[in-house]
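User: Please take me through some charged side-chain pairs in this structure, one question at a time.

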Amino acid sequence: MSTSHTPPVTSVPGDDVPTLLVKIFGKDRPGITAGLFDTLAAFDVDVVDIEQVVTRGRIVLCVLVTAPEGNGATEGELRSTVHSWADEQQLQAEIISGIGDNRPRGVGRSHVTVLGHPLTAESTAAIAARITGVGGNIDRIFRLAKYPVTAVEFAVSGTETEPLRTALALEGAALGVDVAVVASGLQRRAQRLVVMDVDSTLIQDEVIELFAAHAGCEAEVAEVTARAMRGELDFEQSLHERVALLAGLDESVVDKVRSEVRLTPGARTLIRTLKHLGYQVGVVSGGFTQVTDDLKERLGLAFAAANTLEVVDGKLTGRVIGDVVDRAGKATLLRRFAAEARVPLAQTVAIGDGANDLDMLNAAGLGVAFNAKPVVREAAHTAVNVPFLDTVLYLLGITREEVEAAQTHTPEDA
């Protein structure tokens, strides 16, 4: 008869248990971590915590262990042995006595991502000071990317996410750096839905202006757009007025416009990486399905919605078919896509640049204003003001190494 063996239950050291913080510094090379733990193993200590960082070839390795108790070994012997090993390895060692584990982190945990192009010491100091000023504590900092922007992430505890986000949004705007604050938790790495605006977000162009160029009415379309921006027309009115100027245009122009569309730098990288990580990606647009359907197919998007230009006898009629995708419509479509993808709204990300995107940005779990107008930057959860769409990945905690791995393993047409 066989009997099962139940391993002994161990617990984290209490507040009254003596512990040692062993810190190792020096030039990094293979075998340092294994060598330190081989040295510590002789003293029958338990590992409580570990942190290791390598920066420009220099290692900082910190290990928190229980003080030696068995085998007659003493703390002094452990210290002497670790220092001797470090000397042999041409490393520096520091050992600090204490009691118990790390002090508990404060209530409220957030991830603060800072994007700089470049990221200066002055702006980093200001961000750190503002975190402290609202009662936050910086538990950890690490770099997410050095290209095409410098992106660093602060793990912050001790303050709630919303007041921290408000404070850092103001600081970031004053410093000219992009700052995103999201709550810590498992949902940050859960499957998400990312929905983007198209004109001046996914692509560099305004599609209606491309059509207008072929119709010879660019100035008239621009005037209607300006009236809408001044608040003299709502989006639906301005759409109908601009589309009316395209009446009589040959349907063959659609193919020409599709060929003229220019993706925003980083758009393919953003989409490939998200898909590689299991995210679903879609677009909503106040533009036209004649273009967004083509983008959906080319980029392998899960969802796409836009207005549809009416075509009769091979000519544009100057009208659109069906419900207009306007500001409220974009938010409605975000919710519909989320339901179809079975993704909670809190785990959705919306990206856009105009006032027409505001309802969608505010409805999403994370709304990102991409090179947006001031009113949009102020209302969105966070803003990106560099011309690379893939920098949005860093706001989601995705590192440059993960981005590059996705490009390596994703087919070219994905």
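User: Which residue does R327 meet in a salt bridge?

Analyst: In this predicted model, local features need pLDDT of at least 70 and side-chain atom pairs count only at pLDDT 80 or more, while totals for chains, interfaces and linings use all residues. Residues are numbered from 1 along each chain as its sequence is written, and side-chain values use heavy atoms, with hydrogens and water left out. A salt bridge is a side-chain nitrogen of Lys or Arg within 4 Å of a carboxyl oxygen of Asp or Glu. At 2.8 Å, N to O, the partner of R327 is D359.

User: How many residues apart are R327 and D359?

Analyst: Helices here are DSSP runs (H or I, at least four residues), numbered from the N terminus. R327 lies in helix α11 and D359 in helix α12, so the pair links distant parts of the chain. Their separation is 32 residues.

User: Is R165 buried or exposed?

Analyst: Buried means under 20% relative accessible area, exposed over 50%, and partly exposed in between (1.4 Å probe, protein chains only). The side chain of R165 forms a salt bridge with E162 at 2.7 Å, N to O, and E162 counts as partly exposed at 46% relative accessibility. With a relative accessible area of 11%, R165 is buried.

User: About how many helical turns separate E162 and R165?

Analyst: Both residues belong to helix α4, residues 161–175. Because they are 3 residues apart there, the separation is about one helical turn.

Conventions
Helices (H or I, at least four residues) and strands (E, at least two) are DSSP runs, numbered from the N terminus.
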